[in-house]
Amino acid sequence: MIAAAEKIAGPEIDWAGLSPLIAVFVGALVVLMLGLVVSRAARETAVPALSIVTLAVAIGLSVGQWGEREDLIAGALRLDELTLVMTILFCVAGIAAVLLSWRHLAPREAAHGEYHALLLTSIAGMIVLVAAQNLVSVFLGLELLSIPLYVLCATEMRRASSLESGLKYLVVGSLGSATLLYGLAFLYGATGSTDFSGIAAALGGEGDIVTDPLLLTGIALTIVGLAFKGSVAPFHQWTPDVYEGAPTPITAFMAVATKAAAFGVMLRLFDVALIDAAVDWAPPLAVLAAITIIVGNVGALGQTSLKRLLAYSSVAQAGYMLAGVVVANRLGMQATVFYIAVYLVMNLAAFAVIVARERETPLGDDIASLNGIGATRPLLAWPMTIAMLALAGFPATAGFIGKFYLIDASVDGGYTWLAVFIVVGSMISLAYYLKVIAAIWMTPSEDEAGDVVVAAPLAGGDQPVLAGGSDEATGLRAQGEVVAVAVVFGALTVILGVVPSPLFDVVRDVGAALGLL
Amino acid sequence: MTLHLSIMLWLPLALGVIGLAAPPRFAGKLALLGCALVLGYAITFLIDFESGASGLQYLTDETWIGELGISYKLGIDGLNVLLVALAGIAWFACTLWATFTEWERPRLFYFHMALAETAVLGALLAQDLALFVVFFDLMLVPFFFLTGMWGGARRVQATMKLVIYTLVGSLLMLTAAVATGVLAAQGDLALSFAFSDLAERPLAESSQQWIFLFFAAAFLVKMPMFPLHGWMPDGYRAMPLPALAVFSAVLSKVAAYGFLRVCLPLFPDASEQFQTLLLLIALASILYGSAMAFTTTEARLILGYSSIAQLGFIVLGIFALNEQGAQGGLLQALNHGLVVVPAFFIVALLAARCGGSQDIRDMGGIGMRAPVLATLFLIVAFATLAMPGSSNFVGEFYILLGVFTEKIVIAIVASAGVVLAAFYTLRLFITTMHNRTGARVESRELTFREGLVLVPLVLLIIAIALYPQFGLERSEKTVSAVTAPVAPQSAVTAEGVAIPEADR
């Protein structure tokens, strides 16, 4: 027995390289235990505080390793700037989600320890996913990120739509995972390797493996599987329902972090492992990107629920990012990473405002909840305005630079028609983003407008009653941290729009790490 | 390298931001201070400008986003020096006029006015295509809020229409701008959007074509020109007056300026190819605008439609693709801007004298007890209809002269526009100032402070009527350089002297 164990030498493990991941896992365990403490103060304050500390430590460890490039655990994971920048983004999104969840209904109903432990586990899964350079670890990461999220969606247990959201996500997500797993198996079958470098070598070698039906099937199923996760049309149908039903802090987290993870793995899988098979996957992905842009933007037009609106907007934005993946060169991948970061900043500002208004008004996430806040709540009105302008791609916001970069990459990579789609999508998107801004600044608040506005969302059914927050969580006092999130990310949106150079330096390192041309 | 342009550019915005934090009663004063300083700067540039020198003056050139080849490059030359001055004058006058009114949420109002000024100045001063696009799109944001928050009836719908219309054009322009930079940087050339670099890297003719059309769409919507003017009636009805005056006076000129700055030098082949199309659009705008101005009864819309006609002349001049035409177009841009600001103020005064109605059928006889107002209006009206002796006459003369040498039929038809201008302008004047006194009309003289704004503007109109060369000689050198790639055969200056090849 001992002799056998000696024969199977374990792989060399670089603990420092894994440290952000380990920090998040350990944090998840500690938080889970801390949630069992009897004292209510400990549960309600210490658990979120410790979660934030954990994520901050993970960010610190990631920053400390900037510039390191190596394989971890026998090549299962890759430590490079892409992994690190994504880790930082997930942790930032996680911190924002914890802050938005603090004093929210969901963690109280689901128990604080479990809620935060699940959140941290999901982040750990995301880190594994973007670091993965082996088909097995891709799937491992994907499941590790998905399963906690299925639960988190359903944490407002007394609200039917939250449960529905969780169930829907579970069913659709499992379908996506199964499809992906099938695709990964085909990829292994075609190339004889689960390792990304092995796959790339097999594709770059002799023979016409690029036209092998086995490989084509594998690529197609993989695209479909990842498209489910990244909510790329036509596999996006779950997105509005799940986003609407889930507790808003979780929606915010899913919208930014899950999407970032899905695109992170797409970059590594398509633009590194399958780069030599680009003829196979680039045209269909380009078509998917175009469809996604149109479907997302058109779908958002008629929405009155802000969460549904942002869900469709996130579909459209996924289309923009996909354009960067399609281009499959260094510029394209840099533009994608840039846009992911910018997208995270813009959306967190917007979702923070939605959380704040859900608690302040009985209107839930209806657009009417924003009516007139330009006059009454400037600290919420400005971040929301900036976020909407940025999502629409107005200059002097980070969204403009991000879009500029994507268009630049598309044109440079010979996909000018895709650039035109991005622009046409932006045109359509104006109609709904501006509707939100008009509600903020140009519509009188419900007090002035009388009961007409108040009556409108009640037609929406049972949703606003509990989504509006519990009796205790309601009120202006309990909102300091939510407003802070909105203001910080709103300000960041403008700052990155005027001084984008630091972010450009980061994505240049990422581009260099993947060694694309 | 100097900081002066940057100071002038950011000053209004800086004071606007300070105004957001200051007590509301200071907001207007701070904004006015910003406008006054910009005006002072603009006048200094105008006087200090070296007419003989070609190339950019007061150049500022810093890298903004190195990765994307975007530089923060500002400069003044013959193309923009007059328009910068126009922006300074229009904003000062309109902000001063705005302080006469009590605005709801004044800090935000003046902040948006200031942001608009910074954006417009940025678009005029930018010497980098990407920077130009940034400021050109940014111009829209404050007007979205100004119209939507302080506008008249149906303001939200109007502002949506305005923004969506113009931004559709602007986004097409964004794609076109990126494509220009990327396609120009073929081989081992570094990506750069600076106009000077792009001018040295001509694009293939097929690329020029679609890029030109995208740019043209953006500019034509912004002006607006005839088939793309759908937002104009609602927008003009809803915009608060000071914002409307600067919009009509300056923003439309930025679009015309865009043709001269971007399209002619960078896409010369496409400019020649689409010359007839643009001339026909301009012609249609002149005829349509004049006809509508003659039939509508809303005072604001008369000015709106007359602007379409006047901008038609400007485009006509630019797409004569020779020096006279472009000179005339530029001069006419200045003239129209200077004329339309007092014209909108007068419309506001008229409305105040007939119970708030904007309909000219309710007006009439207002001139009875207001001789000063009537006189000022008459001068403005004469300038609008390009009375011989006015600077507008010189501008239109140059434009028609330029077109005559290129497309004689179009020039002859366009001449009808000059006559039509007399029709609609005099109709506006007569029905409001003379005619039978309207039921609710209460004729009274303009107040001292209203005169304080109007009289200098009218004096300015008279001044450039007496000495139009002031503008022409400043723009001449640059205009001939800009039109050189598209009109090699007609290298004739305003004085009829051929420029030696080496100078161009």
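Here is a walk through both chains, one stop after another.

**Before you click**

This is a predicted model, in which local features need pLDDT of at least 70 and side-chain atom pairs count only at pLDDT 80 or more, while totals for chains, interfaces and linings use all residues. Residues are numbered from 1 along each chain as its sequence is written, with chains lettered from A and ligands numbered from 1 in the order in which they are written. The predictor gives the complex an ipTM of 0.87 and a pTM of 0.90.

**Stop 1: all of chain A**

Select chain A and you'll find 24 helices and 2 strands (DSSP runs numbered from the N terminus: H or I of at least four residues for helices, E of at least two for strands). Its C-alpha atoms fill a box of roughly 75 × 60 × 40 Å along the principal axes. A compact globule of 517 residues would have a radius of gyration near 24 Å, and chain A, at 22 Å, agrees with that (the radius is taken over C-alpha atoms, and the globule rule is 2.2 Å times the number of residues to the power 0.38). Of those 517 residues, 65% count as buried. Here, buried means 20 or more other C-beta atoms within 10 Å of a residue's own, exposed means 12 or fewer, and partly exposed is in between, with C-beta atoms placed from the backbone.

Now colour by pLDDT, the predictor's confidence in each residue from 0 to 100. Chain A has a mean of 86, and 91% of its residues reach 70 or more. Confidence is highest in helix 4 (residues 81–101) of chain A, at 94, and lowest in helix 21 (residues 451–458) of chain A, at a mean of 38. Over residues 449–477 of chain A, pLDDT stays under 50.

**Stop 2: two loops in chain A**

Zoom in on A:Ile73, in the loop between strand 1 (70–72) and strand 2 (77–79) of chain A. A:Ile73 isn't a glycine, yet its phi is positive, about 45 degrees. Is A:Ile73 buried or partly exposed? It is partly exposed, because 16 other C-beta atoms lie within 10 Å.

Next, pick A:Pro234, in the loop between helix 10 (213–229) and helix 11 (238–245) of chain A. A cis peptide bond joins A:Ala233 to A:Pro234, with omega about 0 degrees.

**Stop 3: the core**

Which residues have the most contacts inside the largest nonpolar core? They are A:Leu348, A:Ala352 and B:Ala90, in a core of 422 residues. (A nonpolar core is a set of buried Ala, Val, Leu, Ile, Met, Phe, Trp, Tyr and Cys residues joined through C-beta atoms within 7 Å.) The largest share of this core, 22 residues, comes from helix 15 (residues 330–360) of chain A. Click A:Leu348 and, leaving aside neighbours within four places in sequence, look for its contacts, including A:Ala93, A:Val256 and A:Phe489 (a contact is two C-beta atoms, placed from the backbone, within 7 Å).

**Stop 4: where the chains meet**

Show both chains: 27 residues of chain A are in contact with 24 residues of chain B. On chain A's side, helix 18 (398–412), helix 19 (416–442) and helix 24 (501–514) each supply at least two residues. Helix 19 of chain A gives the most, with 12 residues.

**Stop 5: chain B**

Chain B has 20 helices and 2 strands, and buried residues make up 63% of its 504 residues. Its mean pLDDT is 87, but residues 490–504 of chain B stay under 50.

Select helix 2 (residues 24–48) of chain B: its end C-alpha atoms are 37 Å apart, which agrees with the 36 Å that its 25 residues should span at 1.5 Å a residue (the expected span is 1.5 Å times one less than the number of residues). Its buried residues, among them B:Leu30, B:Val38 and B:Phe45, pack against helix 1 (4–21), strand 2 (70–76), helix 3 and helix 4 (106–125) of chain B. Helix 3 of chain B is mostly covered, with 17 of its 18 residues buried.

Finish with two loops. B:Pro224 lies between helix 9 (205–222) and helix 10 (232–238) of chain B, and a cis peptide bond joins it to B:Met223. B:Leu321 lies in the loop between helix 14 (299–318) and helix 15 (323–353) of chain B. B:Leu321 has a positive phi, near 55 degrees, and is buried, with 25 other C-beta atoms within 10 Å.
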